[in-house]
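Trainee: I am new to this structure. Please take one part and walk me through it closely.

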Amino acid sequence: MACQRRSLVTGHEQHIVRFPIPRLGPYPDRPRAYPPGQPPHLPIRPLWMCRACGRPWPCAEARLLLRVEYDSNPIDLAIYLSGLYHEATHDLFRLNPHDGPTPRDLFERFVAWGPYRRGIVAPPAEN
Ligand SMILES: [Zn+2]
């Protein structure tokens, strides 16, 4: 298993903490820094927190900048976000498998706000 190992000594016991290594998914290199010279709103992996503002990625600024950057290529944005959703799900589940965000939460956070294609027909109402 490809993991970095770090030893933590507490009391008389030694615990091995394994941090996941990012996988070979899409590299989160968007959105670009705006205005130029400012820290870009990109995620810190494997925590998926914004390295510019510290909020969960994609933060509001990242979403706005991605919308602008991919204005003429919404399909590319959907593919990019879906790939990062997959990577974030892997990272965050490995970090906290018991009470981390659910796949639905992560889907809402990463994919649903973007150019996600919703069904034309609404689901039937329950009586
Ligand atoms: Zn940010």
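Mentor: Start with the chain's contacts. Of those with a separation of 6 or more, 43% join residues 24 or more positions apart. Two residues are in contact if their C-beta atoms, placed from the backbone, lie within 7 Å. This is a predicted model: local features need pLDDT of at least 70, side-chain atom pairs count only at pLDDT 80 or more, and totals for chains, interfaces and linings use all residues. Residues are numbered from 1 along each chain as its sequence is written.

The protein chain has three helices and four strands. Their order from the N terminus is β-β-β-β-α-α-α. Helices (H or I, at least four residues) and strands (E, at least two) are DSSP runs, numbered from the N terminus.

Now look at H2. This helix has 22 residues and spans 31 Å from first to last C-alpha, close to the expected 32 Å. That expectation is 1.5 Å times one less than the number of residues.

Next, burial. A residue is buried if 20 or more other C-beta atoms lie within 10 Å of its own C-beta, again placed from the backbone. Buried residues are 18% of the 127 in the protein chain. In H2 they include Tyr-80, Glu-87 and Asp-91. Leu-81, Leu-84, Tyr-85 and Ala-88 are also buried, and these four meet H3.

On the H3 side, the partners are Pro-103, Leu-106, Phe-107, Phe-110 and Val-111. Ser-82 and Thr-89 complete the H2 side. The contact counts nine nonpolar residues, two polar and no charged.

Note on methods: Ala, Val, Leu, Ile, Met, Phe, Trp, Tyr, Cys and Pro count as nonpolar, Asp, Glu, Lys and Arg as charged, and the others, Gly among them, as polar. A residue is buried if 20 or more other C-beta atoms lie within 10 Å of its own, exposed if 12 or fewer, and partly exposed in between; C-beta atoms are placed from the backbone.
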